[in-house]
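Have the structure open as you read.

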Amino acid sequence: MSTGVVQGLTQQEARDRVLAGQVNTPPPAAGRTVGQILRANVLTRFNAILGALFVLVMIVGPPQDALFGVVLAVNVAIGVAQELRAKRALDRLAILTAARVRVLRDGVVTQIAQDEVVLDDVLDLRRGDQVPVDAAVVSAEGLELDEALLTGEAEPVPKRPGETVLSGSFVVAGTGRAQVTAVATQSYAVRLQAQARRFSLIRSDLQQGTNQILRLVTWVMIPAGLLLVISEFFRSHQPFAEAVRGSAAGVSGMVPEGLVLLTSIAFAAGALRLARRRVLVSELAAIEGLARVDVLCTDKTGTLTKPGMRLAATEVLDGWPAARIGEVLAAVTAADEDPNPTVRAIAAGYAGDPGWTVQARVPFSSARKWSGVSFAGHGTWLLGAPSVVGGELPAGVAELIARHEAEGDRVLLLAGTAARLNGDRAPADAEPAALLVLTEELREEAAQTVRYLAGQAVTVKVLSGDAPRAVAAIARRAGIPASGAPVDASGLTDEEMAAAIATAGVFGRVRPSQKLAAVRSLQAAGHVVAMIGDGVNDVQALKQADLGIAMGSGSDASRSVARVVLLDGTFAAIPQLLAEARRVIANIERVAGLFVTKTVYAAIIAVIIGAAAIPFPFYPRHLTIISTLAIGVPGFFLALAAGAPRARPGFTRRVLAFTIPAGIAAAAATLGSYALARLAHGTSAQAARTTAMLALLAVSLWVLGIVAGRAAWRVALIPALAACLVPLFAIPVARATFAVQLPPAGVLLQVAGVVLAAIAGLTLWRRLRPAS
C-alpha cells in the first residue's frame with residue numbers, strides 16, 4: 001500500500017480536485033424544485049382550457065362572467081404556496097438525516113458531507129455505513145458488504161484489497177478502507193438516490209385512479225363541448241356574446257379544476273403536519289402506502305426497546321476464574337475497532353485493554369450471529385448467540401439461559417478454544433466460559449402504540465435476531481399477540497420462513513434474508529406491509545416493504561432506503577403517522593367526490609342543452625357561485641378534515657359509483673327546473689337561469705352533506721354557505737352584477753318539488769345499492 005493511500009489526500013489535494021470538478025456533486029434534492037412545482041400547478045391542460053375561455057369572456061364581457069379565472073388563479077397560488085411550505089420543511093429535516101462520510105485527510109480520519117468527497121479520497125468504512133461512491137478496497141479486516149440493492153442477492157459479499165465496492169452497497173460486518181474511483185455522475189450513487197428519493201407519485205391505486213378519472217373527463221369534454229358550442233353558436237339563435245358566455249359556462253363547468261390542486265394540498269399539508277412532529281417523508285406518495293398498511297413488521301432492539309443496552313450480569317461457567325473472564329472480555333472488546341451497542345455495553349463493564357496481540361478476527365454480522373478473536377498466547381475467544389457458539393450446552397447452562405431469556409434479557413455466550421480462527425466458521429470445540437446477560441428497556445409508548453394498531457386492524461409481527469424466548473418476553477410486555485409459540489428462525493430456510501410468517505407473530509434468530517423473505521411472502525398474500533428498523537440487518541426488508549420506516553438514531557444505510565424517517569426515534573410516532581396518512585387519502589377521495597360530480601352533471605347538461613338547441617341555463621358567473629359555495633370553499637375543509645378508516649383499494653370504482661348517480665340527480669333537478677321556468681308564463685330568461693342555479697345549488701349542497709359524512713363542521717358550514725344567497729338577492733348591486741332574479745312563487749314551489757324528488761331518488765339509490 002502506497003504512502004499516499006495510507007495518509008489519504010492532503011487538504012490542498014482535495015481542494016485541487018474540487019476546482020477540477022472531481023467532486024461528488026449531489027443528485028437533486030428530495031422533492032420537486034420550485035420550477036417543477038410551478039409547472040405542475042400552472043401548466044396543465046385544464047388550466048389552458050380555462051385560460052382560453054377566460055380570454056374569450058373578457059373580450060365579449062361583462063367581466064363578472066370571467067370570475068372563474070380569478071378563482072382559478074387564487075387556487076393555483078394557494079396550491080403553490082402550500083407545496084412550497086411543505087418543501088421547505090422537508091428540506092430542513094432532510095439536512096438533519098443526511099449521512100456523513102469518514103475519509104482520510106492528511107493521515108487523520110475526519111467526517112465530511114457526501115458532496116465533499118473527491119476523486120482518490122480514502123473512505124473509512126465501518127458497520128452500518130452506506131458506500132456513497134464507487135471505490136477500490138485498499139485494506140480490509142473482515143469487511144463484508146450487502147449488495148442486495150444493486151444485485152438482488154441477499155447474502156453478504158466479503159471484500160478484499162483490490163476489489164471494487166459500488167455505491168449503494170452497505171457494510172454489514174468488519175472494517176476497511178477504499179479509495180474513491182468514481183464520483184458524481186460517474187458513480188452509481190447518483191442513479192440510486194434519484195430512484196430512491198423521487199418525489200413523484202409512485203404507481204398506486206390513487207395515482208392510477210386520478211389519472212383514469214382525468215382521462216375520462218377529457219374524453220367526455222371533447223364531444224360534449226363540441227356539441228354545446230355548435231348548438232350555442234349555430235342553432236340556438238342567440239347573439240354572439242350570449243353564445244360565447246353560454247359555451248364558456250358549459251365547457252368550464254366540466255373542468256374539475258380543483259381536483260389535482262386539492263389532492264396536492266392534501267399531500268403537502270399531511271407532509272407538513274408530519275414534519276412538525278419531526279417525521280421526514282422522503283416522497284409524499286409514501287403517505288398513501290402507509291394509509292393502506294395492514295401488517296407492520298418490526299425489529300425489537302431500538303424499536304420496541306430503547307436504544308442501547310446494559311450489562312446486567314456475567315455468570316462464569318465451569319469454574320473459570322472470574323478475573324480471567326474479565327481480562328478476556330476486556331481484550332475482546334478492545335480488539336473491536338468498530339464496536340456495536342452490544343460490545344459497547346460489555347466494554348463499559350470491563351474497561352482496560354490488557355494489550356494482547358490479535359492474530360485473527362472475525363467481526364460480528366447479523367447473518368453469523370457471532371464474532372471471534374484469536375490472540376497470540378491466549379487462544380481464541382468467541383462471543384455470540386449460545387445456540388451458535390456453544391453447540392450442545394449442558395442442561396444446567398441451557399436452563400439458566402432459558403430463564404434469563406424468558407425475562408426478556410439478551411444472553412450471549414463467551415467460549416474459548418486453543419484453535420485459531422480460520423475463515424468465518426466458528427470452531428466446533430469451543431468451551432463455554434461465561435454467560436453475559438444484557439437488559440433492554442421497553443419504550444414507555446410501546447404498549448399504547450400496539451393497542452392503537454390493534455384497534456386499527458393492523459397486525460404487528462416482530463422479527464428479531466435475538467433468542468425467541470427473549471423476543472417473546474418483550475413482545476408480551478408490549479402487548480403484541482404471539483399467535484402461538486415464538487418461532488426460532490435459525491433452523492428455517494428462507495422458504496420455510498416465508499410460510500411461517502402467515503401464522504406466527506414473534507420470531508427470533510432471524511437473519512436479514514429471512515426478514516426479506518417474510519416481507520415478500522406477506523405481500524404475495526395480498527397484505528400491504530410496513531417495516532420498521534434501525535440497523536443494517538433491516539435494510540433489505542425496509543427496501544422491499546411497501547413502506548420502509550427507519551429510526552432517526554439508526555444506521556445510515558437504514559435511513560437511506562426508508563421512505564419515512566422518525567427523527568426522534570420514537571415508536572409513539574407510528575399512530576400519528578398512520579392517522580395522518582389515512583386522513584390524507586380519505587380526504588382526497590372526498591374531494592374527488594365533489595369535483596367529479598360537478599363534471600358529470602355539467603356534461604349531462606351540456607349534451608342535453610346542445611341536443612335541444614336552447615340557450616345554456618347559466619352564465620359563467622352563475623357556475624362560479626355554485627362552484628364556490630358547494631365545491632371550492634368546502635373542498636378546502638374536506639382536504640384538511642381529520643379522522644378516517646384504513647384506506648382500501650378501488651378508488652376509481654368508489655368515486656364513479658358515487659359521482660355518476662349524484663351527477664345525474666343534480667342534472668335532472670337542474671334541467672327539470674329550467675324547463676318549468678321557461679314554460680311558465682311571465683318568467684324572464686334571467687329568472688329561468690336563476691331557477692336552474694338555485695336547483696343545482698340545492699342538490700350540490702345535499703351532495704356535499706353526503707360527502708362530508710359525520711364531520712362536525714358540516715352542521716354549521718352548509719347552512720352558512722346557503723345563507724350566502726341572502727345578500728346576493730337582497731342587495732340590488734349584487735343582483736345586477738350576478739344577473740339573478742327570483743321567479744314567481746308558484747314556480748319556486750314547483751322547483752322545490754323537483755329538487756326534493758331528485759334528492760329523494762339519490763337517497764333511495766344510496767340505500768338500495770350494494771356496499772362498495
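## Two strands side by side

Strand S19 (residues 529–533) runs parallel to S20, and 4 bridges link the pair. One spot to look at is Gly 533, which sits opposite Ala 550 in S20. Keep in mind that this is a predicted model.

Helix H22 (residues 573–612) packs on the sheet here, touching S8, strand S9 (295–298), S19, S20 and strand S21 (564–566). Its direction makes about 145° with that of S21.

Zoom out and you get an open sheet of 8 strands with mixed pairing, in the order S8-S21-S20-S19-S9-S16-S18-S17. The edges are strand S8 (279–281) and strand S17 (487–488), each pairing on one side only.

Another helix, H17 (residues 468–478), lies across strand S16 (459–463), S17 and strand S18 (506–508). H17 runs at about 145° to S18.

Is Ile 549 buried or exposed? Its relative accessible area is 1%, so Ile 549 counts as buried, given that the cut-off for buried is under 20%. Ile 549 belongs to strand S20 (residues 547–551), and its contacts include Ala 530, Met 531, Ile 532, Leu 566 and Ile 574. Ala 530 is 19 residues away in sequence, yet the C-alpha to C-alpha distance is 7.2 Å.

## Out on the surface

Now for Ile 230, in helix H8 (residues 205–234). Ile 230 has 44% relative accessibility, so it counts as partly exposed. Together with Trp 219, Ile 222, Leu 226 and Phe 234, Ile 230 forms a nonpolar surface patch with about 610 Å² of accessible area.

Definitions and conventions:
Residues numbered from 1 in each chain as written. Predicted model: local features only at pLDDT ≥ 70, side-chain atom pairs only at ≥ 80, totals over all residues. Heavy atoms only, no water. Buried < 20%, exposed > 50% of the residue type's maximum accessible area, 1.4 Å probe, protein only. Contact = heavy atoms within 4.5 Å. Patch = residues over 30% accessible without salt bridge, like charges linked within 9 Å, V, L, I, M, F, W, Y side chains within 5 Å. Areas by Shrake-Rupley, 256 points an atom, 1.4 Å probe, with all protein chains shown as cover. Salt bridge = Lys/Arg side-chain N within 4 Å of Asp/Glu carboxyl O. Pairing = 2+ DSSP bridges. Axes fitted to C-alpha atoms, helices over the stretch in contact; angles between N-to-C directions. Lists of a residue's contacts leave out its neighbours within four places in sequence.
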